[in-house]
Amino acid sequence: MNGATEPSELENVLAGLNRLIRRRLRAGLRTPRLRGAEVELLRLVRGQPGLRVSEAAKELGLAGNSVSTLVKGLAELGMLERSADPADGRATLLRITPEAEHRLQEWQDRRSVLVRSHIDRLSDAHREALDAALPALRALSASLHEEAENGSAESHELAEIGEEGI
C-alpha cells in the first residue's frame, strides 16, 4: 500500500465515529432502541418500497430466515407492513409505515445536527481535509459495495464473522 493510510487506523476511526454518534443519539431517544440490522432493513425498504423478503436478504447479505425474523419483529412494532405479492402469493412485499418513516427521518435529522455542530468546531484546514477525503471514502464504499454485490468468497467469509465477531 502506498501512502500513510493504514487500514486498521481508518477502520478504527470510522467505527469509533459511528459508535460515538450512535451513543450520543441514543441518549435522547424516547422510544425503544432498534438494533442495527433492523435499522438497515428499514432503510433498505424505505429506498425500495415493495421489496421482497428474499431480495432484502440478498441485499443485506443475510439468510432469508434471519430477515424473516427481523420483518416479523418490525411488523409487530408497527414499523413494517407486509403484503402478498400479487404476482406470486408465496412472496411477501415490504413497505415501511409512516411511524418508521418518521423515526428514520428524525434519527437522520438529529445525526446531521450533531455531526454538523462538531464539523463547525474544526479548523478550516480540517474541514477542507474532510471535504477532500470524501471522494476517496465514496470510492472505498463503492468498492466494498461492488464486492458484496458480486458475492466474492472473501466478502461471504467476512459476513459470516459479523461486525462484532471477535
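## A positive patch

Arg19, Arg22, Arg23 and Arg33 form a surface patch of positive charge. This picture comes from a predicted model.

Helix H1, residues 7-26, holds arginine 19. How exposed is arginine 19? Its relative accessible area is 42%.

## A buried arginine

Now turn to arginine 103. Helix H5, which covers residues 98-119, contains arginine 103. Arginine 103 is buried. Yet arginine 103 has no salt bridge. Which side chain of opposite charge is nearest to arginine 103? That is glutamate 99, 5.5 Å away. A salt bridge needs a side-chain nitrogen of Lys or Arg within 4 Å of a carboxyl oxygen of Asp or Glu.

What does arginine 103 touch, leaving aside neighbours within four places in sequence? Its contacts are Thr31, Pro32, Arg33, Leu34 and Met79. One of these, Arg33, also belongs to the positive patch on the surface.

## A leucine in helix H6

Leucine 130 sits in helix H6, residues 124-150. Is leucine 130 buried or partly exposed? Its relative accessibility is 41%, so leucine 130 counts as partly exposed.

Leucine 130 is in contact with Ile119 and Leu122, once neighbours within four places in sequence are set aside. Isoleucine 119 is 11 residues away from leucine 130 along the chain. The C-alpha atoms of these two residues are 9.1 Å apart.

Definitions and conventions: Residues numbered from 1 in each chain as written. Predicted model: local features only at pLDDT ≥ 70, side-chain atom pairs only at ≥ 80, totals over all residues. Heavy atoms only, no water. Patch = residues over 30% accessible without salt bridge, like charges linked within 9 Å, V, L, I, M, F, W, Y side chains within 5 Å. Areas by Shrake-Rupley, 256 points an atom, 1.4 Å probe, with all protein chains shown as cover. Lys, Arg positive; Asp, Glu negative; His and termini not counted. Charge placed at Lys NZ, Arg CZ, Asp CG, Glu CD. Helix = DSSP H or I, 4+ residues; strand = E, 2+ residues; numbered from the N terminus. Buried < 20%, exposed > 50% of the residue type's maximum accessible area, 1.4 Å probe, protein only. Contact = heavy atoms within 4.5 Å.
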